[in-house]
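Okay, thanks for coming, everyone. I'll keep this short, so let's get the structure up on the screen.

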Amino acid sequence: MLMKILLIVVIALVTGTAGFVGLGFVSAKLWPHYAARFMPDIPVDAAARANEAQTRLGEASDQYARWIALGNAALWKAAQGDSAGAAALATELLVMTERYKDDWNYGNAIHKANSALGIIALRNGDKVSARRHLLASVDSKGSPQMNSFGPNMQLADAMLNAGEQETVLAYFARCRMFWKMGHVYLDTWSSIVRDGGRPHFGANLLY
């Protein structure tokens, strides 16, 4: 605990942020620095999320609603380990996305389809394809969700575990183009990666 408090103070001095009130609170500006280093990983129940996403996909009332639902279904099936099912859904999603280039969900669709395909490629040992899909997943102007809360970091996290630090840093750089509100997170995550660490991505593993 003492080491955590000391690091918070050091971060505050380096970043110019406010200190903390008591021992349990850090300022909003300082929070990303603390969370990325010390907050425990959020448990991700991929099977439950895949089942929920599949249910919503089955409830889609038309092609547009199906297109909206395909993203989560593909992503969580990939995370669950259903490579064949996820690949089929991600491919369908990318084909349909060509019809909706001006839609608010376009960035989400590009992101989740490529994230799913990248997870599958990495699982199969194809790092070249995984790198391509990671970068392609943020090859858009973002979306209302991504611009506010940032993209899903499941593939980026897996790539770090696979030793792909440079690709992940390039990915963070592309995220800056649309995630203006998240620059402090991207700065912190990039710093941790350059130092050889692995950031705690928190809720960005769930979005």
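**A loop residue, a helix pair and a leucine**

Let's start with Asn105, which sits in the loop between helix H5 (83-97) and helix H6 (106-123). Keep in mind that this is a predicted model. So, is Asn105 buried or exposed? Its relative accessibility comes out at 6%, and because the cut-off for buried is under 20%, Asn105 counts as buried. If you skip residues up to four places away in sequence, Asn105 touches Trp67 and Ile68.

Next, the helix pair. Two packed helices get described by the angle between their axes and the distance between the axes. Here, helix H3 (residues 46-58) packs with helix H4 (residues 63-80) at an angle of about 155°, and their axes are 8 Å apart. Anything over 145 degrees counts as roughly antiparallel, so that's what we call H3 and H4. The crossing of H3 past H4 is left-handed. Who makes the contact? On the H3 side, the residues include Ala46, Ala50, Ala53 and Leu57. On the H4 side, among them are Ala69, Leu70, Ala73 and Trp76. Sorted by class, the H3 contact with H4 has ten nonpolar, three polar and four charged residues.

Last stop: Leu135, in helix H7 (residues 127-136). Which residues is Leu135 in contact with, leaving aside its neighbours within four places in sequence? Those are Thr167, Ala170, Tyr171 and Arg174.

Notes:
Residues numbered from 1 in each chain as written. Predicted model: local features only at pLDDT ≥ 70, side-chain atom pairs only at ≥ 80, totals over all residues. Heavy atoms only, no water. Helix = DSSP H or I, 4+ residues; strand = E, 2+ residues; numbered from the N terminus. Contact = heavy atoms within 4.5 Å. Buried < 20%, exposed > 50% of the residue type's maximum accessible area, 1.4 Å probe, protein only. Axes fitted to C-alpha atoms, helices over the stretch in contact; angles between N-to-C directions. Parallel < 35°, antiparallel > 145°, perpendicular 65-115°, else oblique. Left-handed = near helix turned anticlockwise from the far one by under 90°. Nonpolar A, V, L, I, M, F, W, Y, C, P; charged D, E, K, R; others polar.
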